[in-house]
Amino acid sequence: MTTPPRSVAGSPPEGRPGAALPALPSVAATTDSSLAVQVMTAVRRAITAGEMEPGRLYSVQQLASAMDVSRSPVREGLLRLGEAGLIRFHRNRGFEIVEVSPADVAEIFAVRTALEVPAARRAARLAGPEELDRIRAQWRTMHDAARAGDLEATTRADEGLHRLLLLVADNSQVLRLVERLRTTTAFLGVVAATSRRPVDELAREHDTLVQAVLARDEEAAGRAMREHLTSTARRLVAQALLARRTPAERVEELTAQVWDAATAGY
């Protein structure tokens with residue numbers, strides 16, 4: 001995905017009134033930066049719920065009015081989304097959600113695989129007793145949320161577990177890169193379809209990985225991370241293909257082709 005162009009002075013254009021927006025939550029915080037994060041979260045939820053659609057134009061003023069917040073944090077939040085390749089700005093017209101292709105999904109996960117597999121091995125090697133306790137506690141939190149049937153809490157715990165493993169691996173550059181890639185995948189329009197996945201399945205998919213790290217088995221941790229990311233990637237690629245009206249009987253074959261092309265050599 002290419003980085004979308006910015007308007008004058010690095011800010012997105014105000015834009016004329018665009019497509020109708022859904023009811024978005026009002027936000028309140030002490031700084032524009034924390035407001036921007038809430039704006040990003042609200043937009044993410046609207047996209048994954050299918051309430052904001054790729055290819056339709058929206059305006060900064062619309063978003064600010066819908067959330068009862070000034071334009072400044074909205075601009076900041078949208079610029080962050082633009083840097084991740086999720087928003088495209090159109091001068092004097094507004095912004096649109098970028099539709100991400102199946103190949104984009106595969107390429108994102110190929111990069112994550114290249115970064116997170118060695119990080120998992122490193123975490124298994126470097127984790128001390130207190131860090132292992134935190135990993136175990138985060139794992140339990142994810143399963144507790146899954147047992148309660150809370151998809152959002154389970155997803156947050158999933159993200160927290162990956163972040164914790166990267167922190168233990170102790171490479172701040174990898175942490176930042178993976179968080180940016182996770183932000184991108186979290187905003188994919190195909191994520192809405194994955195919400196139908198049983199939350200207990202999402203939690204169980206991490207069991208082998210966590211058990212390997214707790215056992216300090218570096219090679220098993222790397223294999224488990226690769227299997228987890230591959231499973232997630234192939235599911236999202238398949239959803240992206242279905243969203244493009246690919247015949248159901250061809251999805252499995254094309255998913256394998258897209259994933260194999262993106263990961264050759266990784």
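Residues are numbered from 1 along each chain as its sequence is written, and side-chain values use heavy atoms, with hydrogens and water left out.

Start with confidence. The pLDDT is the predictor's confidence in each residue, from 0 to 100. The chain averages 82, and 82% of the residues score at least 70. Helices are DSSP runs (H or I, at least four residues), numbered from the N terminus. Helix H10 has the highest confidence, at 98, whereas helix H8 (residues 191–194) has the lowest, at a mean of 44. Two stretches have a pLDDT below 50. Residues 1–17 form one of them, and residues 189–195 form another. Where pLDDT is low, the predicted coordinates should not be read in detail.

Now the interior. A nonpolar core is a set of buried Ala, Val, Leu, Ile, Met, Phe, Trp, Tyr and Cys residues joined through side-chain atoms within 4.5 Å. Buried means under 20% relative accessible area, exposed over 50%, partly exposed in between (1.4 Å probe, protein chains only). The largest core has 39 residues. Val105, Phe109, Ile135, Leu165, Leu209, Val213 and Met225 have the most contacts inside it. Helices H4 (102–126), H5 (129–147), H6 (151–169), H9 (199–204), H10 (207–214), H11 (218–243) and H12 (248–263) each supply at least two residues. H11 gives the most, with ten. What does leucine 209 touch? Not counting residues up to four places away in sequence, Leu209 touches Ala120, Leu165, Ala221, Ala224 and Met225. A second, separate core holds 24 residues, including Leu35, Ala64, Met67 and Ala84.

Helix H4 also holds valine 111. Val111 is partly exposed, with a relative accessible area of 33%. Valine 178 is 67 residues from Val111 in sequence, yet their C-alpha atoms are 8.6 Å apart.

Finally, the backbone. Most residues other than glycine have a negative phi. Aspartate 68 has a positive phi of about 55°. Asp68 lies in the loop between H2 (60–67) and H3 (71–83), and is exposed at 60% relative accessible area. Aspartate 170 has a positive phi too, near 65°. Asp170 sits in the loop between H6 and H7 (172–186), and is exposed at 59%.

How values were computed
This is a predicted model: local features need pLDDT of at least 70, side-chain atom pairs count only at pLDDT 80 or more; totals for chains, interfaces and linings use all residues. Contact means heavy atoms within 4.5 Å.
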